[in-house]
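Please read them beside the sequence and the model.

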Amino acid sequence: MNGKCLEYTNECINKTNNVCSKCKDGYFILEGKCKRCEDKQCKICLKGENGCIECQENYILINNKCKEKREIHCTTISKNKCIECEFGYELINDGSCQKITIPTNCLYLKERNECNKCNKLKLGYDTLGNIICSNNSIIDECTIITTSGCSRCSIGFYLNKGKCLQCSSNCKECILTSTNCTTCYTGYTLNTITNTCISVGDLKDKCKVFLPSEGCAICKDGYYWKDKNCYLCQEKCETCYKSPEHCLSCNFEKGFYLAESNEGNIKCLHNSTLLHCLIMNKYGCEICNEGYYTFNKKCYKCQENCTKCSNSIECLSCDEEYILKEGKCINFKLLNRCIKSKNNKCIECLGNNYEVSFDGTECIYHLNLFIIIGIPIIIIFLFIIIFMFSCFLIILIIRKQQQKKIKEATICEFNMKKSNINFIVLNEECGIVINKKEIDFSLEKDEPFIPVNKETRDLICIGNKKSKLLKIQFSTKDQLDKYEIRTNPQLITLKKGKAVEFEIFIKPLCTCSLNESILLVALDMKKGKQFNCKINLNIKTEITSHLDYDELKEEKQIGEGSFGVVYKGTFRGKTVAIKKMKQSGINSTEIKEFEKEVAMLDKFRNEYLVHFYGAVFIPNKICMVNEFCPYGSIQDLINKKPNNCLSLKLKIKFIIDGAKGIEYLHGNGILHRDIKPDNFLVTSIDDNVLINCKLTDFGASRNVNQLMTNMTFTKGIGTPAYMAPEVLDKKHYKYPADIYSFAITMYEIMKWGPAYDKTTFKYPWSIADFVTKGNRLPIISQIPDWLYLIITNCWNPISAKRLSISKLINELSIHLNTNE
């Protein structure tokens with residue numbers, strides 16, 4: 001080129017006369033060489049910065065420059081041109097995408113970037129005509145607006161591009177266009193060829209339903225149909241068929257009613273043909289004038305003197321002075337002895353022995369029953385009253401005499417001057433005297449103590465030495481809770497110089513010593529003055545398990561549970577544990593359970609059972625008094641003292657002492673049913689004393705021999721961790737169930753902690769599942785082999801193979817002596 005040879009480059013793909021005539025895409029020819037287009041995305045370009053005329057694939061040519069589609073928010077490209085923009089942008093003339101304003105809550109756009117669907121709101125227009133998404137959107141003449149716009153227009157309008165436009169005149173409903181009618185207004189019919197509505201002329205006044213095409217389908221009343229046209233019926237016809245005189249119904253408004261000829265054809269007659277008719281209807285006469293009745297919708301005259309009848313032979317009411325009898329009208333004068341009538345009935349008869357019948361149609365003869373029957377009945381009634389009154393007086397007299405005899409027999413009243421009793425003056429003013437100032441109930445016994453819950457009698461003589469008449473009775477305190485007391489007689493009236501012997505009965509309700517007084521009340525009947533005198537009451541009862549709460553002294557609270565509160569206290573100089581029941585919310589079932597436990601404790605006395613002193617049964621003071629064990633239960637020791645504080649010998653002694661308590665119960669036919677460390681109380685931790693612990697808590701205990709009808713128990717009683725498998729399975733169980741519970745207790749005493757680790761057995765039912773599947777706890781270092789063997793024999797899954805309590809004690813004693 002220019003007389004020089006130029007090196008051929010790879011960008012040139014075609015040359016002529018040693019000059020490049022065509023370059024690769026992205027290059028242009030300059031002075032015979034291929035130069036790179038300034039826009040690297042340009043495929044074909046011309047010289048200069050704005051020389052790109054075609055871009056690489058997937059690029060858009062805008063103003064001779066190549067742009068990426070995401071750069072201008074384009075989604076679809078064709079031949080270097082954007083044909084579709086992203087949501088929210090519109091395509092403009094230079095081929096780029098321009099951001100537009102999108103209505104709030106709009107989901108889709110349509111042509112001209114107008115909103116096509118809203119998000120949950122209604123698509124419509126605001127008052128200025130702008131498209132909006134709102135529940136307040138409006139579209140004129142639209143009846144249903146949805147998220148996509150109008151879906152149904154009012155009658156007379158059709159839907160076109162989201163708006164409701166009016167149909168042409170006479171067109172009731174149309175679709176697609178205003179002239180494409182589907183139904184027409186009254187007076188017009190639809191031309192099915194042109195889909196337009198055309199007038200039907202005067203047929204609109206005669207036709208009720210038009211045919212889809214021209215003509216009538218159903219005529220109005222008063223016209224009949226023929227050849228798609230309607231013709232007028234005769235005046236008498238309300239509706240007619242095929243001809244003007246062939247009536248289907250009659251024109252009642254114009255004075256015609258429906259009748260039927262002999263041939264069975266319906267015909268219409270004028271109302272003037274209905275004679276003596278009061279009220280008419282479309283079928284004839286409904287109600288006739290007085291003296292006439294209806295038959296086949298016509299009126300016929302009733303019989304003579306009849307004002308109202310149902311037919312020709314049965315009258316319902318008659319003229320005055322006539323009586324209605326059996327459907328006939330009869331003059332009252334023709335009735336025998338009838339002298340007056342009213343409302344078609346005879347109301348008065350001639351003669352005293354005649355009276356009007358129930359239906360008022362005749363006079364009936366009758367006897368005067370008052371004279372024949374009434375007077376004799378009255379006489380008999382008076383005689384019965386006199387006889388009964390006489391009997392009452394006789395009985396009253398006899399009763400008074402009997403009461404006098406009973407009083408003489410039960411009340412010992414005597415003359416003081418004729419007796420050898422030494423009386424003591426109790427009150428000088430009224431002159432009341434007694435034979436002793438103290439009542440000690442020593443009359444019928446040699447012992448100094450009287451029984452509990454049983455009446456004891458004493459006598460005292462009281463006399464009237466001065467007053468004319470004294471009324472005497474004894475008075476005691478209200479609401480006595482330690483004893484019950486009564487006297488016989490309760491009340492007596494004494495004349496001057498007379499004396500009476502009173503019986504005093506006392507029933508102690510608990511073991512107690514009483515030194516108090518009762519009040520003798522005397523009323524001077526003449527002066528109306530009352531005198532109160534005290535008489536000493538001094539008794540001592542025998543010792544029983546029914547205790548006097550005043551003898552209990554509480555020192556301090558030592559425990560509390562669901563049953564109540566336990567106090568340390570004293571009873572007659574001895575340290576005791578007082579178990580008081582909670583008074584709030586106590587029910588009859590809990591009282592019965594308390595009484596059962598007391599009865600059980602009172603019945604059995606043994607050195608290996610916690611000694612039972614008795615109980616208080618007085619309401620609001622119910623409690624139980626037991627031997628006080630200073631160390632609490634074995635469970636309390638486990639909780640408070642470390643394992644190394646107690647020797648092996650002492651633990652074995654705990655086990656043996658507890659077993660001996662169970663042995664005593666089993667020997668007396670008693671199943672404890674709640675064996676656990678909580679129910680063994682420790683009396684001493686000196687392993688050289690005779691007894692170190694005792695069995696307690698017999699609230700769940702039951703006598704096996706008293707339940708032989710059931711043979712065994714099935715109710716699950718006790719604590720789940722100590723329950724035998726047969727108890728957990730709700731099977732029958734007896735003594736071996738206590739042996740199993742004692743095996744778990746022995747395990748815990750030796751381990752000095754709970755048998756079942758809470759990290760392994762989180763829930764009570766975990767223990768139940770473990771036991772009922774035949775599993776048992778493994779041996780631990782704290783338990784000697786010989787003792788674990790005994791425990792194993794005590795929790796054997798087969799209850800019959802478990803050790804008896806006597807054999808268990810024997811084996812434990814042998815090993816205790818060997819270890820010593």
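1. Arg 605 is partly exposed, with a relative accessible area of 37%; its salt-bridge partner is Asp 602, with the closest N and O atoms 3.0 Å apart. Asp 602, at 35%, is also partly exposed. Buried means under 20% relative accessible area, exposed over 50%, and partly exposed in between (1.4 Å probe, protein chains only). A salt bridge here is a side-chain nitrogen of Lys or Arg within 4 Å of a carboxyl oxygen of Asp or Glu.

2. This is a predicted model, in which local features need pLDDT of at least 70 and side-chain atom pairs count only at pLDDT 80 or more, while totals for chains, interfaces and linings use all residues. Residues are numbered from 1 along each chain as its sequence is written, and side-chain values use heavy atoms, leaving out hydrogens and water.

3. The salt-bridge count comes to 16. One of them joins the side chains of Lys 529 and Glu 429 at 2.7 Å, N to O. This pair links distant parts of the chain, 100 residues apart: Lys 529 is in strand S55, and Glu 429 is in the loop between strands S46 and S47. Strands (E, at least two residues) and helices (H or I, at least four) are DSSP runs numbered from the N terminus.

4. Lys 579 and Glu 597 also meet in a salt bridge, at 4.0 Å, N to O. Lys 579 lies in strand S58 and Glu 597 in helix H2, so the pair ties together parts 18 residues apart in sequence. Glu 597 counts as buried, at 9% relative accessibility.

5. Lys 482, Asp 548 and Asp 550 are linked in a network of salt bridges.
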